[in-house]
Every structure is written in structure tokens, then in C-alpha cells.
Amino acid sequence: MPTYRANAIVLKENDCLKDDRLFNIYTKEKGKIQIRITGGKKIKNKLAAHVQPFFEIDMLIAKGRSCDRVAGARSAVNFSGIRNDLCKTAAACCLQEVVDKLCKIQVPDDRIYSLLFNYLKLIEDSRLKSWELEKLISFFSLKILGFLGYRPWFEICVYCQKKVFGDKVYLLPAKGGIGCSRCVKDNDKHVTVNKKTAEILGLAYLENTDNLLRLKIEKNQSEEISSVAKKFLEYQLEKPLLSFEFFRTCL
Ligand SMILES: [Zn+2]
């Protein structure tokens, strides 16, 4: 049976009726794929011990007819600092859920793999307060939306393409951006946010993560940024993000 090597990060474990374990993983080489560990539920299974969340795993995968199987696995990077902290674990689960739900099977994108790896590392090393981790989740989510072609526009009104004046802007998830008071229609589903928040959201696409983390963002603004990022994500997904709810319970 042909095999291939892959650098992988676990996104989610799926239910499996037999003794096997079934995972969604994101790989550098093939993007999101589903893999099976034969007999993975048995305590003595050595492969299952290496296929865990919050590791980068060097995997040998055997091609299968319906699902590829893990033939070998070795932990390459251990994000143990995430596992030892409930709030960091909850934040990292948000990243995994965003990638799992937004990415289609077998569409490789190096940028997504690197972003996931780098943000897991950032969360692990972070000395940020719990509520500040929310910024990381928001910036990560917006960057992923951008990579996948769902970038919301925060710089100009989606209708008239002009700069939006005033302290408040209308956020229009269904239109993929913001609107000005002159253009927003009565039947547009919208949320009002501070203009400063919209400006920071726009920077999420233009600036690298180091610069984003240097921005001075107050707690209430961070909450508003998070709520906007979540609205755009949930609009694309058409379902709620469960990890985001869990993360908020840790604050
Ligand atoms: Zn307008």
C-alpha cells in the first residue's frame, strides 16, 4: 500500500464505532485530511499515544480506499504549555475549530499550516492575560477568512466604496464588510460597532502578528473585536462555534 509522510496538527477527533480512532488533521502537504488509527481505542496502541492535540506530529500515512491510515507517528513539537493551562487550552481549541470548520478536505495551503503552528506557539509562550488571548483568536480567525477568500472589508463602505465618517459604523456580515449611515438599508442585518474597532479589524489583514500584538487594545474593545470576528465566521459557517463559548467560560 503506498505511503506518504506528513507534518500534521490534530484538529478534531470524530466518533468511530469500532476499536479504531478517527481524526481530522491539518497537514502541510495535503491540507485537511481524515485519518484512521486501526485499534486506536486499545490502551496498548502505540500510534494513538502520539496522535494527540497540541503536538506537531511527523506522520507516515498509508493511503486507504475510503480513509487513509496512520502507519507511523512521532511527536515533533510538543505544545505542553497549552495543555497545562485551561485558558490556553480553550484558546487553542478555538483555532482548531476555526480551521476544521472552514477548511475543505485536501486543499493544501502552506499559509494556514504556518499560521496554525505559529499561533499555537504564541499561545503556548504567551504571558498575556486570559482576556488578551481573545485578541489572538480574533486575529487568527480574520487572517484565515482572508486566506480562504472571505476577507471582510473594514476600510470603506461596501455600497458606495467611500470612507465611513462618524464614530460608529454598521457591520454587515452578509455583505462582507461595513456600511455607512447613508447606504445601509432598513432590511440589512447589521450590528453597530465603534469605528476604531473597525480600523483595528482592517489592520488584521495588513499587519503581521508582532505588530498586531503591539497595538494598545482595551478589554472592552477586545470583546467587540472578538464578537465581530465571530459574527463573520458564523455567517460563513452557518453554525455556532462551540469552542468560542467554552473559551468565554474560562475568562
Ligand atoms: Zn456608503
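**Close-up 1. Helix α5, from end to end.** With 18 residues (130-147) at 1.5 Å a residue, helix α5 should span 26 Å, and its end C-alpha atoms, 27 Å apart, agree with that. The expected span is 1.5 Å times one less than the number of residues. Helices here are DSSP runs of H or I with at least four residues, strands are runs of E with at least two, and both are numbered from the N terminus. Helix α5 is mostly covered, as 13 of its 18 residues are buried. A residue is buried if 20 or more other C-beta atoms, placed from the backbone, lie within 10 Å of its own, exposed if 12 or fewer do, and partly exposed in between. Just after α5 comes Gly149, with a positive phi of about 85°.

A word on the model: it is predicted, so local features need pLDDT of at least 70 and side-chain atom pairs count only at pLDDT 80 or more, while totals for chains, interfaces and linings use all residues. Residues are numbered from 1 along each chain as its sequence is written.

**Close-up 2. Helices α3 and α4 meet.** The axes of α3 (residues 86-102) and α4 (residues 110-125) come within 10 Å and cross at roughly 170°. Axes are lines fitted to C-alpha atoms, for helices over the stretch in contact, with angles from 0 to 180 degrees between N-to-C directions. The two helices, α3 and α4, are therefore roughly antiparallel, a term for angles over 145 degrees. Look in α3 for Lys88, Ala91, Ala92, Leu95 and Val99, which meet α4 residues including Ile112, Leu116 and Tyr119. Contact means C-beta atoms, placed from the backbone, within 7 Å.

Close-up 3. The domain assignment, automatic or from a database, gives domain 1 (3-78) and domain 2 (80-249). Their C-alpha centres lie 29 Å apart. Here 16 residues of domain 1 are in contact with 20 residues of domain 2. On the domain 1 side, β1 (3-14), β2 (21-27) and β3 (31-37) each supply at least two residues, and β3 gives the most, with four.

**Close-up 4. Two residues with positive phi.** Most residues other than glycine have a negative phi. Phe54 has a positive phi near 65° and sits in the loop between α1 (46-50) and β4 (55-62). Phe54 is buried, with 22 other C-beta atoms within 10 Å. Gln161 also has a positive phi, about 60°, and lies in the loop between β6 (153-157) and β7 (168-172). Gln161 is exposed, with 10 other C-beta atoms within 10 Å.

Notes:
Contact = placed C-beta atoms within 7 Å. Parallel < 35°, antiparallel > 145°, perpendicular 65-115°, else oblique.
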